[in-house]
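User: I would like to learn how to read strand pairing and ring pairs in a model. Can you take me through one?

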Amino acid sequence: MVTSLLAIWGSRLFFEDLQVVQIKPREVADLNQAIERMERERFQNMPFEEALDRSSRGIRGRLIAIDVLDNRLISGGGPPLRNNDKDDLLRLIGQTSPIAVERGAFKIIGPLFFERNGKRYALFSVKFDMPEKRTPPVLLFLSIAVITTILLSWLFAKSLTTPILHIQSSARRIAGGDWQSRVGSAARRQDELGQLARDFNKMAEQLETMWGAQKRLLADVSHELRSPLARLQMALGLAYQQNVDPDTLSRVEREADRMEALIAQLLTLSRAESGEATIQKQALTLVLNDVLTDANFEAANRNKQLQIDEIPKMTVLIDSMMFCRAVENVLRNAIRHSKFMTHISFSENNKHWCIHITDDGDGLTAEECERIFSPFYRATLARERESGGVGLGLSIAKAAVELHHGRIIAEPAERGGLRVTLSFPKSLDDE
């Protein structure tokens, strides 16, 4: 755009045709005044070039004299004239009265004749004069160029950022657990961004395959372990009847019970992640009644207190078994790690309703708050071993909440401890 502007301006400035323009009285008066100065005695005694230079002071432009006999040009300083300008001056010597001509930005006024040292000269004034009427087209071209450049730049930037935003959005959905997310239109581009989108889709397909295989393996292993576990429990019953060492049998029985609890949790997690749910309308107070009663009993046995705000009288869309499992797992975890108080509160807005479970324990870091919902993750390994946990409770809670198209988050509480929020949509359309 700048190159185009300079080319147009330069062509108009230096390479336009010669044209006659209206001469101003002031310009003729300046030439007469210059001749009067050079006729003074002190100007007659100095070199002609210096006299021209001093006489040009006070007028806008430079003075050039041409010897009428031999067409010799005498300039009063300044840069050399172009050949076109010299030719224009020589053509104007035959004029009997002053005129004004323009070629681009150069304006020539003259001639006026005078004599010096017995020779006759034609006096001209040459000045640089930007033609005012050329300004509007240049400004119009500049405006059109700027608008066009902005529009094309916006279209070019949009063609680059749109596929990048699509890839970014798909990456976020995959990070949130949506393994079926893919990049659509961007993958059809025949450039580097299109290749990136196709590679991203291939990666997403592989991740989905691996995740599906992991879930199937988890479910299959859990089912397959049920049979040897049942046989082990039958063998324990026979061993008790044969008066085998009771302490040894008790130890084996405890480990068998732990294995059975682990398998039950794995099966529950597998069911929640498979998306199998029976959503029904139920009263929230009735669903939470048994869960809160058991939690209050467990807190009392640990010499701790459970504070429960008033449960909203509302009907919710839930799978009662998976919902209760989610609340129970979060609540038992809070009671286990609290120092004295665990608080349960409720909130709602136009689209969602929430359960907030807050304990006054030691709390977790922001990084741990993001990782505690991963299977088998334990923030404090020694404490979890002490409690007998294996790190599946909060994973089951997360899977159960997401089964309801909800969201579960953990964050440090304002007064210390941990605050876990379970958010559920009021309708399936508000996912």
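Analyst: Start with pairing. Two strands pair if DSSP finds at least two bridges between them. This model is predicted. Here E5 and strand E6 (residues 119-128) are antiparallel, with nine bridges. Glutamate 115 faces arginine 120 in E6.

User: Which residue takes a positive phi in the hairpin of E5 and E6?

Analyst: Asparagine 117, with phi near 55°. Two residues lie between the strands of that hairpin.

User: What does strand E4 join?

Analyst: Strand E4 (residues 99-103) runs antiparallel to E5, joined by five bridges. Arginine 103 sits opposite phenylalanine 106 in E5.

User: Is strand E5 mostly covered or mostly uncovered?

Analyst: Mostly covered. Strand E5 spans residues 106-116, and eight of its 11 residues are buried. Lysine 107 belongs to E5. Buried means under 20% relative accessible area. Lysine 107 has 4%, so it is buried. Its side chain makes a polar contact with the side chain of glutamate 27, at 3.0 Å.

User: How many aromatic pairs are found in the whole structure?

Analyst: Six. A pair of rings is described by the distance of the centres and the angle of the planes. Among the pairs is phenylalanine 114 with tyrosine 121: centres 5.8 Å apart, planes at 25°, so stacked. Both phenylalanine 114 and tyrosine 121 are buried.

User: What about phenylalanine 323 and tryptophan 353?

Analyst: That pair is tilted, with 5.9 Å between centres and 55° between planes. Phenylalanine 323 is in helix H10 (residues 320-337) and tryptophan 353 in strand E11 (residues 352-359), so the pair ties together parts 30 residues apart in sequence. Both phenylalanine 323 and tryptophan 353 are buried.

Technical notes
Residues numbered from 1 in each chain as written. Predicted model: local features only at pLDDT ≥ 70, side-chain atom pairs only at ≥ 80, totals over all residues. Heavy atoms only, no water. Buried < 20%, exposed > 50% of the residue type's maximum accessible area, 1.4 Å probe, protein only. Helix = DSSP H or I, 4+ residues; strand = E, 2+ residues; numbered from the N terminus. Polar contact = N/O pair within 3.5 Å; in protein donor to acceptor, adjacent residues only side chain to side chain. Phe/Tyr/Trp six-rings, centres within 6.5 Å; stacked < 30°, edge-to-face > 60°.
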